[in-house]
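Colleague: Please take a close look at the aromatic side chains here. I would like to know how they pair and what lies around them.

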Amino acid sequence: MSSVPFLNASFDRLPRVVFGRHAREVPAFRSLGIAGYYLALVVMVGVSVLRAGSLLVALAVSAACALSFFGWALIRRAVTGRETLVLLEHVWIAEACAAATLHAMGAPVLPYLDAVSLGLAFFLASGRLGCLVVGCCHGRPSSVGIVYDASIAEGGLPEHLVGVRLFPVQLLEATGLVAIGLVGLVGLPFAAEGRVFAWFLASYAVFRFGLEGLRGDERPTFLTFSASRWMAIAELAFAVVLVDGAAGARDARMLAAAACLVALLALVLAYRIAADPTRVLLAPAHVAEVRDFAASAEGSDAPRLHRTSAGVSVVVSTPRDAPSDRLVSLHVPRGRRDLQAVCALAARAFPGLSPDHTRWIEGGLLVTRVTSRLLADDRPRERALYFRVARDAQRAPEDALAEAAPPAEADRPRATPEPGRQGPSSRSEVDFRRGRFSSASRGFDAEAEGDAQR
């Protein structure tokens, strides 16, 4: 484990908005993109010429690919209203424009697409390094990863990501793309026309499909799969047709294998939909149940416990210093302890919830202070809450583990206040700065955990 601090310290030196100092500074993301384009140009032209292709055709195809990149970026910005780059989309557009250019020039398509695919592998790798230094396309919160400071936020990084250690999924993807390109270069002299192109499509599709599970940025999804995963499936299917399509159309065994793969995909989707914790936790009726129980606890000095229809234990108490506020803890059953899902539940039940008043304790306990204003707000901030809570959990893991430990039997609090106790009660107050939560809430949730295990 001694290597983890060294890795994290090395990663933390990477983020930057610009390269250079003082008089000569250039944007980091753009610089790496330009460097990647020239590297791709050298690879593509070199492969084309060495395979007895035309230098003029290679240059024309490279120009078509470059124009397609900028053209699609402009079209996407015009449609969505914001500037976003989706690499898989650019790969498809570049390959389609290259094929159209080759067809228009009367040149053979597949040999040049072999060269284009190898150039794209190194171009995409350079682009992912650009993503790494500026924080876009980032990974999930992790104990091993990279932290972006406020200077990166000035360049466009969302504020809620500042200070959160994120898994460097961009670096992993860049490394995989370099490996894909190198394997293609080594195998090129021995491969039939179009096989290196198919290798790039299939290997990148499989690799990208897996990496999507490590991504922490907001992803449009359909049937539990992100849009990029569906695109990866389509890309892999195209590679299969490119390599085995002609033979498969005549071979019943190939058709049977394809049908089995489709059936397997359907089973995986059905399982993911059934096992998705958000399907139950974030159902509108369940969100309303949590919210209504918190609102109904007004005027109650003793903590109140409620087990929701989804099995979530909710403990609510009213602090003496602010009778209109609530101290709420959400304890999630085993098997559904997903920090992002629990934060989404809290954010939807109490829109506008402040991350400064929320803590996550190992073992599935989210503790927060809800003001009366939040009970009337209607603007959920799920992602901001998730990343801020994750950041605080990363900063004080030992304190969080200590809070998660159940109290000794002799020190276990009673559910009702002690008679005659005067002044502010530690059972209904939370010191959020130091991560200490009410002992009464801990006692209730320890009992709820026991009930859940039984």
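Modeller: Accessible areas come from the Shrake-Rupley method with a 1.4 Å probe; for residues, only the protein chains shown count as cover. On that basis the chain exposes about 22,900 Å². Carbon and sulfur atoms supply 62% of this area.

Some ground rules. This is a predicted model: local features need pLDDT of at least 70, side-chain atom pairs count only at pLDDT 80 or more, and totals for chains, interfaces and linings use all residues. Numbering runs from 1 along each chain as its sequence is written, and side-chain values use heavy atoms, with hydrogens and water left out.

Confidence comes next. pLDDT is the predictor's confidence in each residue, from 0 to 100. The chain averages 79, and 80% of the residues score at least 70. Residues 400-454 stay under 50. For that stretch the model has 87 contacts (heavy atoms within 4.5 Å) beyond four places in sequence.

Helices (H or I, at least four residues) and strands (E, at least two) are DSSP runs, numbered from the N terminus. The chain has 16 helices and eleven strands. Of its 454 residues, 44% are buried. Buried means under 20% relative accessible area, exposed over 50%, and partly exposed in between (1.4 Å probe, protein chains only). Among contacts with a separation of 6 or more, 67% join residues 24 or more positions apart.

To the rings themselves. Rings of Phe, Tyr and Trp (its six-membered ring) pair if their centres lie within 6.5 Å; planes under 30 degrees apart count as stacked, over 60 as edge-to-face and the rest as tilted. The count is eight aromatic pairs. Phe69 and Phe123 form an edge-to-face pair, 5.7 Å centre to centre and 90° between the planes. Phe69 lies in helix H3 (residues 55-80) and Phe123 in helix H5 (residues 109-134), so this pair ties together parts that are 54 residues apart in sequence. Phe123 is buried, with a relative accessible area of 17%.

The pair of Phe200 and Tyr204 is stacked, at 6.0 Å centre to centre and 15° between the planes. Both residues sit in helix H8 (residues 195-211), four residues apart, about one turn of the helix. An α-helix has 3.6 residues a turn, so residues three or four places apart point the same way. Phe200 is buried at 2% relative accessible area. Tyr204 is buried too, at 0%.

Take Tyr37 in helix H2 (residues 28-50). Tyr37 counts as partly exposed, at 28% relative accessibility. Leaving out residues up to four places away in sequence, Tyr37 touches Ser62, Ala66 and Phe123. Its C-alpha lies 8.3 Å from that of Gly119, which is 82 residues away in sequence.

Then take Leu120, found in helix H5. Leu120 counts as buried, at 10% relative accessibility. Beyond four places in sequence, Leu120 is in contact with Val91, Ala94, Glu95 and Phe200. Leu120 and Ala94 are 26 residues apart in sequence and 8.8 Å apart in space, C-alpha to C-alpha.

One group goes beyond a pair. Phe209, Phe222, Phe225 and Trp230 form one aromatic cluster. A charge sits over a ring if NZ of Lys or CZ of Arg is within 6 Å of the ring centre and within 35 degrees of the ring normal. The charged end of Arg229 sits over the ring of Phe209, 4.7 Å from its centre.

Last, an aromatic residue in a nonpolar setting. A nonpolar core is a set of buried Ala, Val, Leu, Ile, Met, Phe, Trp, Tyr and Cys residues joined through side-chain atoms within 4.5 Å. The largest has 41 residues, of which Val314, Val328, Leu330, Phe350 and Leu366 touch the most other members. Helix H13 (339-349) is among the elements that each supply at least two residues of this core. The largest share, nine residues, comes from H13. Apart from this core lies another, of 38 residues, including Leu88 and Val91.
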